[in-house]
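Reader: I have a model open and want to learn how to read it. Take me through it feature by feature, please.

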Amino acid sequence: MFIGYARVSTQDQNLELQQDALEKEGCEQTFQEKITGKNKERPELETCMKMLRDGDVLVVWKLDRLARSLKDLIEIVSELESRGVGFKSLTESIDTTSPGGKLIFHIFGALSEFEHSLIRERTLEGLKAARARGRKGGRKPAMNRSDVQKAAAMLKDPLITKTEVAKHFGVSRLTLNKSLNREGYDGLPERNKSI
């Protein structure tokens, strides 16, 4: 069974061109959406994917109507393939039910994996270069030096617990302890260390 999926990005755009092409291809049912491709939540696509069965073929007018990126496209088509569902894109003449179409899709997958590896490699090299210049990675500490000084001053009062101080600064006790240790406030009264 051929199942179509048609999508346009805005309410002003028209689905007729895609509908006509999908109907001409022999789609018995077509799911339609007027929603941006950047939106991960696409209810009609989700319904379409759930409906597809082994032996069915999902047909789209153009690749960008189905996926937001090459990675997204590879994931969707891989899922279809694992379920025994074929895929056709009319504009690009891709048909994974044929050996040639499968080859093209495996090339897409390899290119996507290659791109991911390059991005990862560049990121690691960038971090290494930043460290060599004395920069540290990671996110900003939850408590700045001033907050840690205030917290240490509060903890000098034996009636105030670490739990209360952590709550005051909107952090966990673990974060408070790490922040105090980072700034060298490990000589606090014993009572507050264990509370």
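Reader: How many bridges join β1 to β3, and which way do the two strands run?

Author: Strands of a sheet pair through backbone hydrogen bonds, either parallel or antiparallel. Here four bridges join β1 to β3, and the two run parallel. Pairing requires that DSSP finds at least two bridges between two strands. Strands are DSSP runs of E with at least two residues, helices are runs of H or I with at least four, and both are numbered from the N terminus. F2 has V57 of β3 as its bridge partner, and I3 stands opposite L58 in β3.

This is a predicted model, in which local features need pLDDT of at least 70 and side-chain atom pairs count only at pLDDT 80 or more, while totals for chains, interfaces and linings use all residues. Residues are numbered from 1 along each chain as its sequence is written, and side-chain values use heavy atoms, with hydrogens and water left out.

Reader: What joins β1 to β2?

Author: Six bridges, again with the strands parallel; β2 spans residues 29-34. V8 stands opposite K34 in β2.

Reader: In what order do the strands form the sheet?

Author: The order is β2-β1-β3-β4-β5, an open sheet of five strands with mixed pairing. β2 and β5 are the edge strands, each pairing on one side only. Helix α2 packs on this sheet and touches β1, β2 and β3. Its direction makes about 160 degrees with that of β2. Such angles run from 0 to 180 degrees between N-to-C directions, with axes fitted to C-alpha atoms, for helices over the stretch in contact.

Reader: Is β1 largely enclosed or open?

Author: Largely enclosed by the rest of the structure, because six of its seven residues are buried. Buried means under 20% relative accessible area, exposed over 50%, and partly exposed in between (1.4 Å probe, protein chains only). Take Y5, in β1. Y5 has a relative accessible area of 0%. Its side chain makes a polar contact with the side chain of E33, at 2.5 Å. A polar contact is a pair of N or O atoms within 3.5 Å; within protein, one must be able to donate a hydrogen and the other to accept it, and residues adjacent in sequence count only if both atoms are side-chain atoms.

Reader: Which residues have the most contacts inside the largest nonpolar core?

Author: A nonpolar core is a set of buried Ala, Val, Leu, Ile, Met, Phe, Trp, Tyr and Cys residues joined through side-chain atoms within 4.5 Å. The largest has 21 residues, and L52, L58, L66, L73, L80 and F87 have the most contacts inside it. α4 gives the most to this core, with five residues. Leaving aside neighbours within four places in sequence, L80 is in contact (heavy atoms within 4.5 Å) with M49, L52, L58, V85, G86 and F87. A second, separate core of 10 residues includes M143, A152, A166 and L176.

Reader: Which residues of α6 are buried?

Author: An α-helix has 3.6 residues a turn, so residues three or four places apart point the same way. In α6 (residues 145-155), V148, A151, A152 and L155 are buried. They cover an arc of only 100 degrees around the axis, judged by directions to the C-beta atoms, which puts them on the same side of α6.

Reader: What is the phi of S93?

Author: Most residues other than glycine have a negative phi. S93 has a positive phi of about 55 degrees although it is not a glycine. S93 sits in the loop between β4 and β5. It is exposed, with a relative accessible area of 61%.
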